[in-house]
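My notes follow in the order in which I looked things up.

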Amino acid sequence: MIHRKTARCAAALVIGVAAVALAGCGSTESLSQSVQQKLNRHVETVDYATGAIGKSNQNARLPSWVPDRASSVSEAIRTTGSERILRFTLSDPQTLAACRPASASRTKATLTASWWPRGEESKTNQLCGTDWHVLVQATTVYAFRPETLPQP
């Protein structure tokens with residue numbers, strides 16, 4: 001009697017696991033994307049050869065103050081909020097027209113990228129557009145836009 005009950009429980013468990021697995025079926029690609037989205041905490045990264053190419057993208061997220069001639073453009077974007085980190089190269093960074101001197105960001109970046117030096121936002125000394133904290137180091141421009149939306 002005990003063996004019969006154990007066998008039924010085991011069979012029910014196997015059927016239950018199979019049902020759950022089948023209910024979530026889809027392509028492995030959608031599963032991979034779902035897992036990736038959870039692993040990267042809703043962060044999208046984009047790279048463009050130039051600012052002009054980045055701004056011409058239908059889903060462009062590059063701010064308008066980024067010069068069209070900027071090169072090697074990389075951006076990490078929080079898809080569930082407003083935080084961004086951005087890096088690009090500019091032969092003459094003094095031509096950033098929409099920037100003015102400002103205090104460093106008091107908000108810490110929560111986004112990370114291999115090209116973003118840790119703590120770079122705390123070294124910014126310009127404000128570009130309305131909310132981008134910027135630091136120019138030689139020909140490399142680093143920019144940080146703090147989060148303005150509450151995050152879970």
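**Entry 1: the disulfide**

I found a disulfide that joins Cys99 to Cys128, with 1.8 Å from S to S; the term is used here for a pair of cysteine sulfur atoms within 2.5 Å. A disulfide is a covalent bond between the sulfur atoms of two cysteines. Cys99 lies in strand β4 and Cys128 in strand β5 (residues 126–128), so the pair ties together parts that are 29 residues apart in sequence. The angle about the S-S bond is 105°, and the link of Cys99 and Cys128 is right-handed. A search of the whole structure gave 1 disulfide.

**Entry 2: what kind of model this is**

I noted that this is a predicted model, in which local features need pLDDT of at least 70 and side-chain atom pairs count only at pLDDT 80 or more, while totals for chains, interfaces and linings use all residues. Residues are numbered from 1 along each chain as its sequence is written, and side-chain values use heavy atoms, with hydrogens and water left out. The mean pLDDT of the protein chain is 78, and 71% of its residues reach 70 or more; pLDDT is the predictor's confidence in each residue, from 0 to 100. Over residues 9–39 the pLDDT is below 50, and beyond near neighbours in sequence this stretch has 1 contact in the model, a contact being heavy atoms within 4.5 Å.

**Entry 3: the chain as a whole**

I counted 3 helices and 7 strands in the protein chain; these are DSSP runs numbered from the N terminus, with helices (H or I) of at least four residues and strands (E) of at least two. From the N terminus on, the elements run α-α-β-α-β-β-β-β-β-β. Of the 152 residues of the protein chain, 32% count as buried. Among contacts between residues at least 6 apart in sequence, 54% join residues at least 24 apart.

**Entry 4: the sheet**

In what order do the strands of the open sheet stand? The 7 strands have the order β1-β2-β3-β7-β6-β5-β4, with antiparallel pairing; two strands pair if DSSP finds at least two bridges between them. The edge strands are β1 (43–50) and β4 (99–101), each of which pairs on one side only. Strands of a sheet pair through backbone hydrogen bonds, either parallel or antiparallel.

I then followed the pairing from β1 onwards. β1 is joined by 7 bridges to β2 (residues 71–78), antiparallel to it, and the bridge partner of Val43 in β2 is Arg78. β2 and β3 (residues 84–89) pair in the antiparallel sense over 5 bridges, with Ala76 opposite Ile85 in β3, and a hairpin of 5 residues joins β2 to β3. β3 is in turn joined to β7 by 6 bridges, again antiparallel, and there the bridge partner of Thr89 in β7 is Thr140.

**Entry 5: Thr124**

Is Thr124 buried or exposed? Thr124 is buried, with a relative accessible area of 4%, and is found in the loop between β4 and β5. I looked at the side chain of Thr124: one of its polar atoms lies 3.2 Å from the backbone nitrogen of Ser105, and the side chain reaches the backbone oxygen of Glu121 at 3.0 Å. Leaving aside neighbours within four places in sequence, Thr124 is in contact with residues including Ala102, Ser103, His133 and Leu135.

**Entry 6: positive phi angles**

Most residues other than glycine have a negative phi, and most peptide bonds are trans. Ser72 is found in strand β2 and, at 42% relative accessibility, counts as partly exposed. Ala138 likewise is not a glycine but has a positive phi of about 60°. Ala138 is found in the loop between β6 (132–137) and β7 (140–145), and at 70% relative accessibility counts as exposed.

Methods: Buried means under 20% relative accessible area, exposed over 50%, partly exposed in between (1.4 Å probe, protein chains only). A polar contact is a pair of N or O atoms within 3.5 Å; within protein, one must be able to donate a hydrogen and the other to accept it, and residues adjacent in sequence count only if both atoms are side-chain atoms.
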